[in-house]
Structures are given as C-alpha cells and as structure tokens.
Amino acid sequence: MPKNSKVSQHEHTTEHVTESVADLLTHQEPIHYNSSCLNAGGIPGKKIVLNTPVNDGRPAWNSKLQYILAQVGFSVGLGNVWRFPYLCQKNGGGAYLVPYFILLIVIGVPLFFLELAVGQKIRRGSIGVWNYVCPRLGGIGVSSLMVCGFVGLYYNVIIGWSIFYFFQSFQYPLPWAECPIRRNGSLASVEPECEKSSATTYFWYRQTLNTTSTIADSGGLNIKMTLSLLVAWIMVCLAVIRGIASSGKVMYFSSLFPYVVLFCFLVRGLLLKGSVDGITHMFTPKLEKMLEPQVWREAATQVFFALGLGFGGVIAFSSYNKIDNNCHFDAVLVSFINFFTSILATLVVFAVLGFKANLMCEKCVIENAEKILGYLNSNVLSHDLIPSHVNFSKMSLVDYAEMYGVIRTVKEGSFDRLGLDPCLLEDELNKSVQGTGLAFIAFTEAMTHFPASPFWSVMFFFMLINLGLGSMIGTMTGITTPVLDTYKVQKELFTVCCCILAFFCGLLFVQRSGNYFVTMFDDYSAGLPLTIVVLLENVSVAWIYGTKRFMQELEDMLGFRPCSFYFYMWKYVSPCCLMVLITATVVEMVISPPGYNAWVEELAEERFQGYPPWALVMCFSLIVVAMLPLPVVFVVRHFNLLSDGSNKLSVTYGKGLKEISNLEEVDETRSILGKNPGETPSPKAPPGTYLGTNPRENPHSLSPNSCYGTSYQNVISPTSPDSDS
C-alpha cells in the first residue's frame, strides 16, 4: 500500500483523518462521515447533520409565497374541477367526503411531506434524489420522468381544447348555443346529428374534434386543434424556459386567478334558479356507499393524483428551498388548500348543474304536457284525469308530477304506449358526467342560459387554461430539473427542445381520432406506474434508509421532531394502503374490458368499443415502458454494470465547486478516496473499516450488501475514537 494513502497514514498517526468527494470539490474542511446527509454507513439513532452550503449557487425561490403558489398550482389542476365533483356525485354525495378526508390524512399528507422533505434535504430533482437515497432504486426517478413525459403530452392537448373554446367564446350568441341550420335551396332544416344529441354535444364532437367513429380511423390532422396545441406548448415553454425564475412569476397569476373565477361562479351560481337543489343533492349523504370497497379505492386514487405524488414536480419544486424551510407546514397547508379547492369546485359545479337540471326538467314538462294535451284533444285521455288546478300554459314540476301519477295509475295497462316521461329532478342530477364531458358539454350548455353568457364562458375557459398551465409547469419542472441536475446542458436550449419534441409527439392527439388516444394515455400511462413509484419511494425511505434515521434527519433540518404519527404512517400504514391500491388497480384492469367511448355519427351518441389488438399492445406498452427503468437500473447497478453516480457531481451550481466528470472507478464500497483520483483503497480493508459498523448489526443500513451507499463516505478505523464499533 502506498505510504501516502489515507489508510496508511491512519495506521501511523492518531490525527483525525477524513475526506470525501465533496471536500475535494469544495476545498473545504473535511467533515466526518456521520455528519453527511443520508449516509449509508450511518448508525441508527446517531445524530446526522447535513452541512449543506447556504449559498451553493442553486436557483432559489424569491419568496415563500411564490413557492407555496407553485406547489398549489401543480397540485390543484383540472381534476379538482371535473374529477372530484363526478366522484362525489357517483359515490354517495357527502358520504364520499368521509373516506376521501381519512385517506388524505393517512396517505396524502404523509407521502406529500416525505417528497417535500427529501427534495429539500438533498436539493436535487427526482433522479438525483433517489440515486442518492439508494442507487439500486435509482430507476424511481427515471420512471417519474417518463410518466411526466406521457402525462404532459396529453395534458397539454386538454389545454389546447380550452384555448380553442376560449377564443370561440368571444361571440354572441355562443357558437354552441344552437344547432346549425342546413340549407338546401329554399329549404332549411336542423342538422340531424345535432338534433339527435344537443347543440353543445354536437359542437364538441363535430365542430371542435370532428371526431371519427373509431380509433382505427385516424381521419388526418385536425388543423384547428393542431394550432391550439402549438399555442399551448408556446405558453408552457415561455413559462418554464428560465426555470423557477420565470415559472415562479407565472404562478402568481395562474395559481390565484382560478380562485377568483371559482368564487365569482359560486356567487353567480347561487343566484340561479335550482342551484340549491344541486348543492342539496351533492351534500345529501348516501351512507351505505361508504361500505363499498370501490368508493375507498377511488377516493385513494383521487387523493394520490390530486397532490401530484410520484410525478417528480413536488420534489423538484422543494429542491429549490432553503435547507431549514418548514416543509411540514408546507405539506399540511398545500394538502388542505387542495381539499378546500375540491370542495369549492364541487359547490360551483353542482350549483350550475342544479340550474341545468331544472332547465331540463322544465323542458321535459313542456314537451310532455304538449303530448298530454294532444291525447286529450284526440280523446285518448279523458279530461277527468286532469286535476282542476292544473294550468297547461304554466305547468310546474309539482303539477306535472301529480298529473303523471294519476294517468299512470288509471292507464296502467296502456301507459307505456303513451310515451310520457317522469321528468324527475333527481334523475337529471344523477346523470354522472366527468372529465371533458363535464367541462365541454354539461357546463358549457348551462352557461348558454346565463345572462351575458360570453363573459362567463371566457372566464370559465380562461380558468381552465390557468389550472392546466399550473399543472403543466410542475410536470415540465419534474422533467427538466432532474436532467439539468444530472447533465451539464443549457437550460433554455434544453427546455425549448423538450417543448418542440413534445409538440410533434402530441400530433398523435390532434388527429380526428385524437381524443381516443387522450383517454388511452389517461387510463394507462400514469395510474399503475405512479402508484408503484410512490410505493418504492416510501419503502426506500422508511425501510431501506430507516424511518428512525429519517425522522432524525428531519429534526436536524426543521429544528423540531415531527409527530410520531408520521413514523407509523411511513413505516406501516402508507405502504400497506399503497399495496392494496396497486392490487385493486390490477384487479380492476383485469376485470374491466379495455376500451373507449366512441362517438357514433349515425346514432349521435357514444358507444363503448373495445380496443383493437394493436391498441391493446399500445395500452400495455405504456405501462411497461413507464416501469421498465425500475428493474433495468436495479439489475445494472446490482451487478456493477453502471456507475451509480453517487460518487460524483456532474453538474454543480456553486461557483466554488469544480465539475468532475471522469472520476475513476473505486471499489464496490466506494468508501475510500485519496487526494489523487488515481489512488485506490487497499483491497484487504475490512468492511467495518469503510462503514464504521458491521452491516449485520445494522440490517436497515444502505450497505453494499443491500443497497449502495448514498453519500461520500470516509475512512474511519474500527479503533478510531469516532467509531461506533
């Protein structure tokens, strides 16, 4: 062994000798390995302190408000407006809020806190964070990045749809208020497809999407949607091109403006006739629904996606925080703002849907009253069946219900031949509408009856654009931050290239059959892969690194020890809930036939169709491709086929940090590094020399026998005064 090596020196002197890669890079005083962040060889229960430089040159948020708005803008998205109200309506009204709130506390807040904490502590994007915690599970970050890519591709298409409707709203009357008239010489007739459905439905499927009747028929590009998608990507590119320096400023508007619109809609909605009926319907609990496992599964899924867990955006945003920022407060605050927003959006939606339901019932009463009047004039029905107080020129729902009941009782045998409808308000309110159907059909139809309808339409779709933009900024940050942390590339150039590539890939979704691909990606590209990603995040911190050690890290970082509630959630409850959710998702995918709702032009309605074989392959390829980095990275690092990257910093922000891109390979423990890169440790050095502890005494340590070390370890002899052996 060379006499000038660290191990040799330690054998002949009692001088405290430690050194790490970080020391070499910064030329600072060496730090003890027990003081490094997420150290693989650290001793459970031992105080661990991260000596993170305060001014490391990494971009930082201008203010705490800007950061909170960024997290709120990312977590509060289109799903709060059109997914949560639908689930609330479908799963028991007010009763659905109980399992949702319980699962928000049990799964949502702890896992959101975990992502905020690791991002803030390690100050890297998702790839860097999970390489640092456990290199063998470094595929977690890559999978997050790939899912962000898939979701960003189709999510921006929805923003493009909103942009199209936004510009179409500057007309009076609104272009979807009435069915178009087909003229043939002197003859004029209503468009048959529109007459069979409705004006808003026709405008959505025919004039906006111009959709085909099957996913196999692409129909070519839809030029209007292609231009809208281009505008959407230009907006996103401008918002994220300078990182948080530009996106942080955008968030002041994109995060706050939707709340202004929601409050305006709530006030306007409460003044509409029938709005109270809608809100009452929403909050009337169907308690028996709480006993159904499906309700809890859908509540867990909604909590999971509402907070943006697993996407990497949460970690990326928190990585730009100061090391002592109170991320626990942030986690609780953002989670409950998200919950409050969902409730607010649901109130708005049901107030407007209550108004729409009353309009539909009144229309139904008028149509059926005309039928009854015709039956009376043709003596099919006797005038004696009509109550004396009923006025056909101004018939109320109550009067019609009474008359309908009498006719049904008297004409029991031949009642079906009359073709009368019950016109029940409850039936209208029970019609479940979600996603694009809620935003672009049901809500737009209701707004056509508003006074000054173009104004409200402009406000609504501008709100959708801002909600989508906030989520897209977080999604793009989840892609750009890990790459910029790992590779030395120009931020602006990389962002522009990503947006250009995404636009061309997004042309798949602006074909005439593009909305079917949006449904496919929404169903298969994110759900299962993200749940597995978050489960592995939870396991890597709680079980591999160790919950006790992580709690100690949080105490050192925050200045207080988080409640023991989080210990048990991270250690036991959250992993179990996630495994149950994964199992339920897989069972649901097996039981439910894979398919989509296709718009059949001849029938002017949606019909469920199964995917053709090539589309089935595409569906499951999305899942496989998103999860593929997990086993690939594990295998190549388990067999040392690829450097884990934890012993080098390929990109740094600090002016005092030197770029090191060609560090020579060290032995598999990577725990000894001399002053000169060419020096190598003694091959006979025992494992205890490197780790400071016997791996068998610390089964949860990130030792080379379990998972590669996660920090720059230093040489401590078993006989050293600082050793714990």
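UniProt annotations may be inferred rather than shown by experiment. I keep that in mind for every site I take from the record. I also note that this is a predicted model.

**Entry 1: the annotated site**

I started with the record. Which residues does the UniProt annotation "binding site" cover? The entry is unreviewed, and it lists Gly 73, Val 76, Asn 80, Asn 338, Leu 467 and Ser 471.

**Entry 2: Asn 338**

I picked Asn 338 from that list. I found it in helix α16, which covers residues 327-377. Is Asn 338 buried or exposed? Its relative accessible area is 1%. Buried means under 20%, so Asn 338 is buried.

Next I looked up its contacts, leaving aside neighbours within four places in sequence. Asn 338 is in contact with Ser 75, Val 76, Asn 80, Tyr 100, Ala 306 and Leu 307. Val 76 and Asn 80 are also on the annotated list. I checked Ser 75 in more detail. The side chain of Asn 338 reaches the backbone oxygen of Ser 75 at 3.1 Å.

**Entry 3: Leu 467**

I placed it in helix α20, residues 453-486. Its relative accessibility is 6%, so I put Leu 467 down as buried. Which residues does Leu 467 contact, leaving aside neighbours within four places in sequence? I wrote down Gly 73, Val 76, Gly 77, Leu 78, Val 81, Tyr 155 and Pro 258. Val 76 is in contact with Asn 338 and with Leu 467.

**Entry 4: Asn 91**

I turned to Asn 91. I found it in the loop between α5 (84-90) and α6 (94-122). Not counting residues up to four places away in sequence, Asn 91 touches Tyr 96, Lys 289, Val 295 and Glu 298. Which of these did I look at again?

**Entry 5: the disulfides**

A disulfide is a covalent bond between the sulfur atoms of two cysteines. How many disulfides does a search of the whole structure find? I got two.

One is formed by Cys 179 and Cys 194, with sulfur atoms 1.9 Å apart. The angle about the S-S bond is -80°, and the link is left-handed. Cys 179 lies in the loop between α8 (139-168) and β1 (181-184), and Cys 194 in helix α9 (residues 192-196), so the pair ties together parts 15 residues apart in sequence. Cys 179 is partly exposed at 23% relative accessible area. Cys 194 is buried at 1%.

Cys 364 and Cys 423 form a disulfide too, and their sulfur atoms are 1.9 Å apart. The torsion about this S-S bond is about -75°, so I noted it as left-handed. This pair links distant parts of the chain, 59 residues apart. Cys 364 is in helix α16, and Cys 423 is in the loop between α17 (397-410) and α18 (425-429). Both Cys 364 and Cys 423 are buried.

Cys 498 is in no disulfide, and the nearest cysteine sulfur, that of Cys 499, is 6.8 Å away. Cys 576 is in no disulfide either, with the sulfur of Cys 577 nearest at 7.0 Å. Cys 576 has a relative accessible area of 45%, so I marked it partly exposed.

Conventions:
Residues numbered from 1 in each chain as written. Predicted model: local features only at pLDDT ≥ 70, side-chain atom pairs only at ≥ 80, totals over all residues. Heavy atoms only, no water. Helix = DSSP H or I, 4+ residues; strand = E, 2+ residues; numbered from the N terminus. Contact = heavy atoms within 4.5 Å. Buried < 20%, exposed > 50% of the residue type's maximum accessible area, 1.4 Å probe, protein only. Polar contact = N/O pair within 3.5 Å; in protein donor to acceptor, adjacent residues only side chain to side chain. Disulfide = S-S within 2.5 Å.
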